[in-house]
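Trainee: I have a model open and would like to learn how to read its features. Could we go through a few together?

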Amino acid sequence: RPPTFGFLLDIDGVLVRGHRIIPAAQEAFRRLVNPQGQLRVPVVFVTNAGNILQHGKAQELSALLGFQVEPDQVILSHSPMRLFSQHHKRRMLVSGQGPLVENAQALGFKNLVTVDELRAAFPVLDMVDLQRRPKTTPLPRSDFPAIEGVLLLGEPVRWETSLQLIMDVLLSDGNPGTGLAEAPYPHLPVLASNTDLLWMAEAKMPRFGHGTFLLCLEAIYRKVTGKELRYEGLMGKPSLLTYQYAEGLLRRQAERRGWAAPIRNLYAVGDNPMSDIYGANLFHQYLQTARREGAEEGAGGPWKPQPSTARSCTSILVCTGVYNPQAPGSPGPASGGAAPPFHGHRDFGFSPGLLEAAHVVSDVLEAVQLIFRKEGWAL
């Protein structure tokens, strides 16, 4: 029968660790793919990574999983920025690493300045590294157009340079070659993705993510101005906007396959309680509230989502990544495991009950088996 459920699968810590596939993921996809190499149910891969092109991530997953993953099945942390068309023509400073400009252009942004380009135009702004300080004092660029907003697509390599220059742009109202007597507030629009403080690679302990960079930027801005840094849009898990966007892709995937039955039940599988589990539970809460009140509001400001057909979003926590019940200090669900070492991003609020997964399983294979049993599907 046509599927009435779909998967939202995290990647790092669920399917792969660094560049190595987790063996359980290979076996899980043997159950999810039919003999013709097609998925039996709609699946999207929802990652908080953002330093790779969407089609590049799809190719990488295809090679690891052994079947064709399409680019529109991959949701990077910044993918919902496509919905913020009101900023696409603005001159935006973009921070992160990897194919930054290509990623931003794919999202619809037309007029971009990288941190390196800004540094080249105003060399005296970057003064931390003694080896990179200018030997003379160059004249500031008078022909450099004002910057109208900031895109934070992922953690940069040189944090001190990016933190300094982003602050310069915000404090100067987009004219870093000049100085203002008082910092403007509200500041220029800031769009950011991926609030993960931690993520899991080959190392035995979790690594800093873009959320740690954002935490530093927010703390510096607050210390310097006495005010809070505000985001025009904040996406990536656990943002509601990311889950609304993912549901839309699942729905289109089902339509493309000719599955007429609406997708009622979503299953979000992840390894990080503070992003994957919190976000899935937050979306489930949103779906329940929307059904009771008979109306839905978009989480992306002026963007209005297509009415949801989903009735539930079930969170499933695996033990192959950030969450490890055997490791001291591992962030765990609200009941069991260690207490989380941080309280999430302030723009999402914090509700301890949303940390508790509906199910805790050993790996993604066990998650697939659990879901198929719940839905009455043969393995």
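Mentor: Gladly, and let us begin with a cysteine. Cysteine 216 has a relative accessibility of 29%, so it counts as partly exposed. Keep in mind that this is a predicted model.

Trainee: Is cysteine 313 buried or exposed?

Mentor: Cysteine 313 counts as buried, because its relative accessibility is 2%, and the cut-off for buried is under 20%.

Trainee: How many disulfides are there?

Mentor: The general idea is that a disulfide is a covalent bond between the sulfur atoms of two cysteines. Here the count is zero. Take cysteine 313: its nearest cysteine sulfur belongs to cysteine 319 and lies 19 Å away, while the cut-off for a disulfide is within 2.5 Å.

Trainee: What should I know about confidence?

Mentor: Where pLDDT is low, the predicted coordinates should not be read in detail. In this model the protein chain has an average pLDDT of 89, and 92% of the residues score at least 70. Residues 334–343 have a pLDDT below 50, and this stretch makes 19 contacts in the model beyond near neighbours in sequence.

Trainee: Which residues touch the most other members of the largest nonpolar core?

Mentor: In soluble globular proteins, nonpolar side chains tend to be buried together. The largest core here has 40 residues, and Phe7, Leu15, Phe29, Phe45 and Val269 touch the most other members. Among the elements giving two or more residues to this core are strand E1 (5–9), helix H1 (23–32) and helix H9 (364–375). H9 gives the most, with seven residues.

Trainee: What is phenylalanine 45 in contact with?

Mentor: Setting aside neighbours within four places in sequence, its contacts include Leu15, Phe29, Leu61, Phe67 and Gln73. There is also a second, separate core of 28 residues, which includes Leu118, Val150, Leu152 and Leu188.

Trainee: How do I read a pair of helices?

Mentor: Two packed helices are described by the angle between their axes and the distance between the axes. Helix H7 (residues 240–256) and helix H8 (residues 273–293) pack at about 75°, with axes 9 Å apart. H7 and H8 are therefore roughly perpendicular to each other. Residues of H7 including Leu240 and Tyr243 meet H8 residues, among them Phe283 and Tyr286.

Trainee: Is valine 224 buried or exposed?

Mentor: Valine 224, in helix H6 (residues 210–225), is exposed, with a relative accessible area of 52%. Leaving aside neighbours within four places in sequence, valine 224 is in contact with Met167 and Leu171. The C-alpha atoms of valine 224 and methionine 167 are 9.4 Å apart, with the two residues 57 residues apart along the chain.

How values were computed
Residues numbered from 1 in each chain as written. Predicted model: local features only at pLDDT ≥ 70, side-chain atom pairs only at ≥ 80, totals over all residues. Heavy atoms only, no water. pLDDT = per-residue confidence, 0-100. Contact = heavy atoms within 4.5 Å. Core = buried A, V, L, I, M, F, W, Y, C linked by side-chain atoms within 4.5 Å. Buried < 20%, exposed > 50% of the residue type's maximum accessible area, 1.4 Å probe, protein only. Helix = DSSP H or I, 4+ residues; strand = E, 2+ residues; numbered from the N terminus. Axes fitted to C-alpha atoms, helices over the stretch in contact; angles between N-to-C directions. Parallel < 35°, antiparallel > 145°, perpendicular 65-115°, else oblique.
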